[in-house]
Amino acid sequence: MGVISAIGNNVRENYGALVAGRTGISRITHIDTVHKNDIMVGEIPTDNAKLEEQLGLPRDSWSRTALLGAIAAQEAVHQAGISDINDARTGLISGTTVGGMDKSEQYFYDYFENDRAWHHINGLHAGDSTRKIASKLGLEESFATTISTACSSAANAIMLGARMIKSGQLDRVVVGGTDSLSKFTINGFKTLMILSDTYNTPFDDKRKGLNLGEAAAYLVLESPALVEKENRTVLGYIKGFGNANDAFHQTASSDNGDGAVLAMEKALKIAGLTPDKVDYINAHGTATPNNDLSEGRAMLRIFDKKVPEFSSTKAYTGHTLAVAGAIEAIYSVLALQNNVVYPNLNFKNPMQEFELLPQTELVRKELNVVLSNSFGFGGNCTTLLFSKEV
Amino acid sequence: MSTVFINSVGSVSAQKTFDGTTFLEEVAIYNDTVIRVIDPDYKSYIPPAAARRMAKGIKMSTVSSNTALKEAGLERVDAIVVGTGLGCIGDSEKFVSAIIDNKEQFLTPTRFIQSSHNTVSGQIAMAIGCKGYNFTYVHSSISFESSLLDALIQLKNGEASNVLVGGVDELVDHHVDTHRLIKHIKAEPVDSSQLLQSGTEGCVMAEGAHFFVLSNQKQTSTYAELAGVRTFNTLSENKIGEKVSVFLSENGLTVGDIDLVISGNNGDIAFDGYYQTLADDLFGDTPQAYYKHLSGEFDTASGFALWLAAKIIKTQTVPDVVRLNHLQAPKLKNILLYNQYRGENHSLTLLRKC
Amino acid sequence: MTDLKEELKAKIIEQLNLEDVAIEEIADKDPLFGEGLGLDSIDALELIVMLDKDYGIKLADPKEGRAIFESVETMASYISEHRK
């Protein structure tokens, strides 16, 4: 696993911040936006120059999305102990929403003035960030693709990866996602009036909206045969996955969370588990009025009145858009490894619509199954189930 | 493992393909560096209230997907999978220019919403009330093949019975202007019938939307069997023959079994060598066809190739306008599609008569 | 006030791209959302931007829009009271 986010530059740092209850939400510093005093973000402190140095790239050669992605993917491959990425049928599946938009918006008119930034023109293709990550990993003659299903992109990348291995198409696949902050998304979410002007407060009655975040997170999935052959240490198992569409509204979830219910049902069915076997839910919990209500109702429908301990980690990282599903997959696996439920930071007021209280303190308890939700624009809903044992 | 059938096709392209009853009897000839689709009468497909916020890409996809659903005799499907290189890029561009021009003030949400890459698959799901699996792939010239492969896995494994699969891309100004700067688009107009003789760099850029219903059930509307799809992120020219041979043998075929190869030649002298190499190495005695002189080049142009191949198998005729050599197969049973863009993202797709 | 109402109708049609609707077809008291013109929550956000851009009225919470955008009449009276 590999991750870079507002709360850390690698898996170890992210876990440290999670258990310490340390948020990464701050004012924005890397982007000069007129909204800088009205919003808070989950920004990665490291600037592009440092990231490029770390990757041995010249200045201003890649978009921040690709830079972050390469760093996290490299950590994941390194942690998995892979020396030659091409020694098995390996794939790369990456989710992104903005791709190289950070550079496209910066040079939108400059392209016609001079040729200084022409190398960024093709970066607008979402798939270009994946191409760059593949080149850093040395992946050749292989299956590499990009998924863009808004905020469920990386969750879907993980799901596809699991399906590709299950169906025998691949032996190993690097899955995850990357998204950097951009004026495009800041202004886009601003027009939807769902950005909070302060620290986001998931599942709180007085929640004011989300904080945008940036991150990259990747996991290495391998087939049972390859795991056995290479004698790998398995960090966790993808037990189930479910994808459904809410088919309700372009940007909002349905009142009763139909799509979310379907996604959770499918995932449980594939896992062959009943809801009572779920020990912890890492909720999508963006802290928008709409999401948390819809998701809360969906959880009540699936788990009846016995909703297990749940929390949203968006109060730590912000909403990292395409990456949310992958970063939260890593947090879910870390939860299983360490038997820990992370606190839902900033929660004060129970919601009026139902009696659901997120976990607000760090809890240490035996965890066997963790459920993670990711929902996105366009009605895309994805649920992943992770387990400690096969 | 189920067999996977192409049960219907839908196309909006630079040819008059939206009318499913004809098959390239009339061909539109262009002399340009960019070409747009021949627009169907969108109003007869989309009510005004629904159309008012729709980007061109969504309109083209609505017509194309409606055509495919209708031909398959379906109102709903189990899954919707869409590939698009750039999504509704026109709205993205307008939103970016508004951000810059208005200094981040007075921006409205509609363009931002449409610029989300998955807006096409999401809107189709909403329109037909499909709560099933919904995916969008955005990986340059294999965006469409990623979708095909996904659907193929689902159908083969019995996870779905009917899947709507599509590819869509729209042609818009800023994208064209910037890609002219880096010479990905030809500097001089070229007559479409002379595309492969242009002798110049770059492509003729275009747009289009192609949708198909794939199913594990054969029916009277069935065109062909989709036997296999394989993609490669990188590939050198001298490795293509080897990869194709392996792909064919995995599908129980040899070079001699292929009755037609449809290649993605786009008239770019810098990269058409890939197709030539394959033709010379393996398929010297095989009938060959091409299509980008009809469709133009775009990330999901290979959707046009699948449309073409499906029609060829069903009608058992190869229109003269797509022939690349003078060879003719006695029957058209196995068709291989090969595409790449600028030397990357190669795809092989195999269709079989059923 | 009548002028303002007519102006608003034209602006609504333009801003929301209601190609098939004529100014005369919108009565002052017709509901804009739901059964009337059939506008939705995205349209509400568009109208909030229009209030800001054309009349200098800022709404912080989209919920405030519900009562204001009930009809052209309610919009016009809100604008006359709050415009800058």
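## Strand E4 of chain A

Strand E4 of chain A, residues 143-147, is mostly covered, with five of its five residues buried. Phe143(A), Thr145(A) and Ile147(A) point one way from the strand, while Ala144(A) and Thr146(A) point the other way. Residues on either side of E4(A) are buried. The model described here is predicted.

E4(A) is joined to strand E3 of chain A, residues 90-95, by five bridges, and the two strands run parallel. One of the pairings links Gly95(A) with Ile147(A), its bridge partner in E4(A).

## Confidence

The model as a whole scores ipTM 0.97 and pTM 0.97. For chain C the mean pLDDT is 91, and 100% of its residues reach 70 or more.

## Domains of chain A

Chain A is divided into two parts: domain 1 covers residues 2-230 and domain 2 covers residues 237-387. Their centres, taken over C-alpha atoms, are separated by 21 Å. The contact between them takes 60 residues from domain 1 and 55 residues from domain 2.

On the domain 1 side, the elements of chain A that give two or more residues are helix H1 (11-20), strand E2 (41-42), helix H6 (153-166), strand E5 (172-179), strand E6 (212-213) and strand E7 (215-222). H6(A) supplies the largest share of this side, eight residues. By class, the side of domain 1 that touches domain 2 has 31 nonpolar, 23 polar and six charged residues.

Chain B contains eleven helices and twelve strands. Its radius of gyration is 19 Å, close to the 20 Å that the globule rule gives for 354 residues, so chain B is as compact as a globular protein of that length. The C-alpha atoms of chain B fill a box of roughly 60 × 45 × 35 Å along the principal axes. Of the 354 residues in chain B, 60% are buried. Among contacts in chain B with a separation of 6 or more, 80% are between residues 24 or more positions apart.

Between chains B and A, 49 residues of chain B are in contact with 52 residues of chain A. On the chain B side, two or more residues come from each of helix H3 (89-101), helix H4 (109-114), helix H5 (119-128), strand E4 (133-137), helix H6 (143-156), helix H7 (173-181) and strand E8 (224-234) of chain B. This side of chain B has 22 nonpolar, 22 polar and five charged residues.

Chain C has four helices and zero strands, in the order α-α-α-α from the N terminus. A compact globule of 84 residues would have a radius of gyration near 12 Å, and the 12 Å of chain C agrees with this. Its C-alpha atoms fill a box of roughly 30 × 25 × 20 Å, taken along the principal axes. Buried residues account for 30% of the 84 residues in chain C. Of the contacts in chain C between residues at least 6 apart in sequence, 54% join residues at least 24 apart.

The contact between chains A and C takes five residues from chain A and four residues from chain C. The chain A side of this contact consists of three nonpolar and two polar residues, with no charged ones.

Definitions and conventions. Residues numbered from 1 in each chain as written. Chains lettered and ligands numbered in written order. Predicted model: local features only at pLDDT ≥ 70, side-chain atom pairs only at ≥ 80, totals over all residues. Rg over C-alpha atoms; globule rule 2.2 N^0.38 Å. Buried ≥ 20, exposed ≤ 12 C-beta atoms within 10 Å, placed from the backbone. Contact = placed C-beta atoms within 7 Å. Nonpolar A, V, L, I, M, F, W, Y, C, P; charged D, E, K, R; others polar. Pairing = 2+ DSSP bridges. pLDDT = per-residue confidence, 0-100. Domains from an automatic or database assignment.
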